[in-house]
Amino acid sequence: MNVTIEENRSHPRLPDLLGAYHLVNQAEKGNAVTAVAELPAVYRGEAEDPAAVFTADTVLLATPAGADLPVGCVVLKAPREGRAPEIKRLWVAPEARRMGIAKALMAEALRRASASGAAAVRLTVWNWREEPLALYRSLGFEAVASWDERPDLLCLEKTLERTAEKARETVREETARGTAREETAGPTDSDRVERLTPDEVRAHASAGLAALLVDAVDGGASVGFLAPLAVREAAAWWSRVADEAAGGTRDVWAAHGPDGTLTGVVTLVRATTANGRHRGEIARLLVHRSARGRGLGYRLLATAEAHAAATGLTLLVLDTQTDSPAERLYRGAGWTAAGTIPDYAADPAGVPRATTLYYKRLG
């Protein structure tokens with residue numbers, strides 16, 4: 001069946017799907033309630049404001065061909081404290097079951113976990129849920145020692161075998177597709193990510209690109225500037241980036257919304273020293289505040305990573321303000337923290353903040 005898989009933790013349909021999941025889950029556990037407002041607080045929060053609860057996680061929704069709204073969802077939790085990422089909240093509306101939707105959601109979640117560099121994925125399932133359990137086993141999940149001692153809850157894990165060549169194949173495929181999406185997915189009106197030529201960077205410098213940089217600084221992001229940032233200053237910075245792009249030391253990708261406006265940008269800076277030509281730096285990953293919550297930052301990052309690997313780079317580095325939303329994104333995308341430097345850079349208000357250094361090996 002043709003199914004569109006999209007990432008969007010802010011989709012208006014998501015609260016209904018998660019609410020239905022938790023209401024059924026409570027009933028099966030013998031704690032039935034009749035409304036989302038009566039759910040335990042931890043579950044009620046997911047159903048009422050999933051974008052806030054899953055801010056660092058990947059939320060996928062499935063829409064069958066010809067349907068107007070998603071009928072299923074799944075959450076891929078970002079890895080925490082050295083643990084493998086965990087799949088949770090797999091749900092398909094009863095009227096849309098036995099159409100392969102759950103399997104499509106799981107396949108995309110597993111593919112994304114693999115692309116992030118995870119060695120394994122884990123999940124829990126109640127032992128009375130025969131159909132989900134059969135699906136997980138068919139996908140290669142096996143029972144492991146329990147990390148959750150609740151009675152009747154099974155803990156499963158799947159090893160993700162990734163050779164260096166397989167990793168390179170994955171990133172090449174993502175570069176060609178321009179997005180992390182199931183091959184069966186149909187067209188959508190989501191943001192289009194494309195690489196900008198030096199001339200295109202110059203053309204957008206004083207408008208869309210400058211607006212993204214000003215929005216980031218106004219929103220408190222520590223990206224090298226103090227507030228208020230003048231549009232002219234932002235445009236001048238992007239003009240210098242265009243020169244670097246022309247010189248082959250920096251690549252630029254931008255996301256275009258359905259109306260053509262720029263909604264996000266990321267750049268890849270290549271090391272120029274003789275002993276560092278295997279290395280690149282992710283810099284200025286920006287998503288406009290009006291476009292956040294639908295996985296655009298992850299897509300921009302994955303696109304830059306894929307291009308870096310496909311063009312021979314084997315190591316990427318970056319730095320970001322400690323405890324910022326950006327840091328959660330990088331951790332969720334498989335980056336490793338190398339250390340934290342106190343008072344490294346001032347935020348837009350001029351207050352010195354700690355910065356965390358990250359790296360990611362490619363292939």
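**Questions about a predicted model**

Trainee: Leaving aside neighbours within four places in sequence, which residues is Glu28 in contact with?

Mentor: A contact here means heavy atoms within 4.5 Å. Once neighbours within four places in sequence are set aside, Glu28 is in contact with Trp128 and Arg129.

Trainee: Before we go on, what kind of model is this, and how are its residues numbered?

Mentor: This is a predicted model, in which local features need pLDDT of at least 70, side-chain atom pairs count only at pLDDT 80 or more, and totals for chains, interfaces and linings use all residues. Side-chain values use heavy atoms, with hydrogens and water left out, and residues are numbered along each chain as its sequence is written, from 1.

Trainee: Back to Glu28: which side chain does its own side chain meet in a polar contact of 2.8 Å?

Mentor: Glu28 lies in helix α1, and at a relative accessible area of 38% it is partly exposed. Buried means under 20% relative accessible area and exposed over 50%, with partly exposed in between (1.4 Å probe, protein chains only). A polar contact is a pair of N or O atoms within 3.5 Å, where within protein one must be able to donate a hydrogen and the other to accept it, and residues adjacent in sequence count only if both atoms are side-chain atoms. At 2.8 Å, the partner of the Glu28 side chain is that of Arg129.

Trainee: Leu17 is also in helix α1; is Leu17 buried or exposed?

Mentor: Helix α1 covers residues 14–28; helices (H or I, at least four residues) and strands (E, at least two) are DSSP runs numbered from the N terminus. Beyond residues up to four places away in sequence, Leu17 touches Leu61, Pro70, Val71, Gly72, Cys73 and Trp91. With a relative accessible area of 2%, Leu17 is buried.

Trainee: Which residue does the side chain of Lys360 reach in a polar contact of 3.0 Å?

Mentor: Lys360 sits in strand β14, residues 352–361, and it is buried because its relative accessible area is 7%. Among its contacts beyond four places in sequence are Ala115, Thr314 and Trp335. The 3.0 Å polar contact joins its side chain to that of Glu305.

Trainee: Which peptide bond is cis?

Mentor: Most residues other than glycine have a negative phi, and most peptide bonds are trans. Pro228 lies in the loop between α7 (198–218) and α8 (231–246). With omega of about -5°, the cis bond joins Ala227 and Pro228.

Trainee: Arg98 has a positive phi although it is a residue other than glycine; what is its relative accessibility?

Mentor: Arg98 belongs to the loop between β4 (86–92) and α4 (101–115), and its phi is near 60°. Arg98 counts as exposed because its relative accessibility is 72%.

Trainee: Asp323 also has a positive phi; what value is its phi near?

Mentor: The loop that holds Asp323 runs between β12 and α10 (325–332). Asp323 is exposed, at a relative accessible area of 66%. Its phi is near 70°.

Trainee: What share of the residues is buried?

Mentor: Of contacts with a separation of 6 or more, 62% are between residues 24 or more positions apart. Of the 363 residues in the protein, the buried share is 48%.
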